[in-house]
Amino acid sequence: MSGRDDFDAGRQDLAARNAALRDQIDNMLSDLRRRTAEIQEKQSTAAQQTFEVASDDGMVTVRVDATGTVQELALSPKAFERTTPEKLARSITSVIREAAGTAQRQLQSEFAPLADVSDVPEVPGVPSLAGLLRQGPLVEPPNPDVERQQRRAEDSAAPASNSAPPPQVRTAPDDEWDDDWEWENNRRGGRR
């Protein structure tokens with residue numbers, strides 16, 4: 001075999017390895033495009049999702065978006081008659097945490113399969129994609145089941161006479177209050 005034959009064999013071997021590498025890169029790019037399209041579709045679907053959670057007694061209802069951000073908070077008209085401000089505040093906080101946890105866990109479970117990189121080959125000298133994606137969330141979302149159980153435990157631990165003190169009724173306005181004040185149109189946080 002002459003040097004020319006060795007040279008040609010080496011070139012053919014190099015061309016075959018380059019073709020194999022191009023095929024591998026093309027497959028990776030095709031997979032990346034497919035995954036990107038899936039992620040975009042899931043993102044648009046997730047952006048439309050809302051989750052609604054109500055307390056067992058129906059006093060508090062919360063609606064959150066897919067990220068767990070509160071969209072609406074509704075209190076029963078009897079909420080202020082049946083409970084204390086402290087208990088109502090704890091219930092509101094707990095229902096919000098339950099709803100946020102439900103939304104965030106749902107979002108994570110929907111997107112987890114898209115983060116599977118087990119079929120992505122390792123490339124020497126390049127950081128591992130698997131190492132980057134498997135770090136998990138920065139903060140673990142609230143556990144909805146735990147929130148609900150804690151609320152129920154608080155409710156069952158409350159004394160039998162669970163009646164809140166009667167609301168205080170003003171018979172005459174204080175000196176600093178203006179008699180002409182329009183409470184319904186000027187209350188803080190109310191609808192305008």
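Trainee: Where is the place of R63?

Mentor: R63 lies in strand β2. Strands (E, at least two residues) and helices (H or I, at least four) are DSSP runs, numbered from the N terminus. The model is predicted, so local features need pLDDT of at least 70 and side-chain atom pairs count only at pLDDT 80 or more, while totals for chains, interfaces and linings use all residues. Residues are numbered from 1 along each chain as its sequence is written, and side-chain values use heavy atoms, with hydrogens and water left out.

Trainee: Why is R63 called partly exposed?

Mentor: The relative accessible area of R63 is 30%. Buried means under 20%, exposed means over 50%, and partly exposed is in between (1.4 Å probe, protein chains only). R63 therefore counts as partly exposed.

Trainee: What makes R63 and E72 a salt bridge?

Mentor: Their side chains meet at 2.8 Å, N to O. A salt bridge needs a side-chain nitrogen of Lys or Arg within 4 Å of a carboxyl oxygen of Asp or Glu, so the pair qualifies. E72 is partly exposed, with a relative accessible area of 39%.

Trainee: Which side chain makes a polar contact of 2.9 Å with the side chain of R63?

Mentor: That of E52. A polar contact is a pair of N or O atoms within 3.5 Å; within protein, one must be able to donate a hydrogen and the other to accept it, and residues adjacent in sequence count only if both atoms are side-chain atoms. The R63 and E72 side chains also make a polar contact, at 2.8 Å.

Trainee: Which residues does R63 touch, not counting residues up to four places away in sequence?

Mentor: R63 touches T50, F51, E52, T69, V70, Q71 and E72. Contact means heavy atoms within 4.5 Å. The C-alpha atoms of R63 and T50 are separated by 6.6 Å, and these two residues are 13 apart along the chain.

Trainee: Is S55 buried or exposed?

Mentor: S55 has a relative accessible area of 6%, so S55 is buried. Its place is in the loop between β1 (50-54) and β2 (60-65). The side chains of S55 and D57 are joined by a polar contact of 2.6 Å.

Trainee: What does S55 touch, leaving out residues up to four places away in sequence?

Mentor: V60, S91, V95 and R151. R151 is in helix α5, and its relative accessible area of 9% is why R151 counts as buried. With neighbours within four places set aside, R151 is in contact with A54, S55, S91, S94, V95 and E98.

Trainee: Which residues of α3 are buried?

Mentor: Among them are S91, S94, V95 and E98.

Trainee: How do you know that the span of helix α3 is close to the one expected?

Mentor: Helix α3 (residues 85-111) has 27 residues and reaches 39 Å from its first C-alpha to its last. The expected span is 1.5 Å times one less than the number of residues. For α3 that is 39 Å.

Trainee: Why are D31 and R34 about one helical turn apart?

Mentor: Because D31 and R34 are three residues apart in helix α1. Their side chains meet in a salt bridge of 2.4 Å, N to O. D31 is buried, with a relative accessible area of 18%, whereas R34 is partly exposed at 40%. D31 and R34 are linked with R35 and E38 in a network of salt bridges.

Trainee: What separates D145 and R148?

Mentor: About one helical turn, because D145 and R148 are three residues apart in helix α5 (residues 144-157). Their salt bridge is 3.2 Å, N to O. D145 is partly exposed at 43% relative accessible area, and R148 is partly exposed at 24%.

Trainee: How many salt bridges does a search of the whole structure find?

Mentor: The search finds 13.

Trainee: Which residues make the nonpolar surface patch?

Mentor: L21, I25, L29 and L32 make the patch, of about 350 Å². Patches are made of residues with over 30% relative accessible area and no salt bridge; like charges are joined within 9 Å, and nonpolar side chains (Val, Leu, Ile, Met, Phe, Trp, Tyr) within 5 Å.

Technical notes: Accessible areas come from the Shrake-Rupley method with a 1.4 Å probe; for residues, only the protein chains shown count as cover.
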